[in-house]
Amino acid sequence: MAIKERSLEETPTWAVAVVCFVILFISILIEYFLHFIGHWFKKKHKKALCEALEKVKAGKFSYSSIKIIIMNSDMSFYITI
């Protein structure tokens, strides 16, 4: 039995919205968890771990910014075609 793959245009809007919501929800949970861990490090006076966590947060932010820029440039390429 072969599974027929659909393109994004053929996918129902609600399915795309659910996937986007799940990704966003997971991202917010990770951000909250990192904030909680940072607060705990400061409370326990773990200065080195707190600094390392800040570097991880900064790297995550720059990675996500670059990813958004690349995605937008790809989208604009497809829109112009």
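**View 1. The whole chain and its surface.** The accessible surface of the chain comes to about 7,800 Å², of which 72% belongs to carbon and sulfur atoms (Shrake-Rupley method with a 1.4 Å probe; for residues, only the protein chains shown count as cover). This is a predicted model, in which local features need pLDDT of at least 70 and side-chain atom pairs count only at pLDDT 80 or more, while totals for chains, interfaces and linings use all residues. Residues are numbered from 1 along each chain as its sequence is written, and side-chain values use heavy atoms, with hydrogens and water left out. The chain holds two helices and zero strands (DSSP runs, H or I of at least four residues for helices and E of at least two for strands, numbered from the N terminus).

View 2. Helix H1, residues 13-43, reaches 45 Å from its first C-alpha to its last, close to the 45 Å expected (1.5 Å times one less than its number of residues). Its buried residues are Ala15, Leu34, Ile37, Gly38 and Phe41, and just after H1, histidine 45 takes a positive phi of about 60°.

**View 3. The largest nonpolar core.** Leu34, Ile37, Phe41, Cys50 and Leu53 form this core (buried Ala, Val, Leu, Ile, Met, Phe, Trp, Tyr and Cys residues joined through side-chain atoms within 4.5 Å). H1 and helix H2 (47-80) each supply at least two of its residues, and H1 gives the most, with three.

Methods: Buried means under 20% relative accessible area, exposed over 50%, partly exposed in between (1.4 Å probe, protein chains only).
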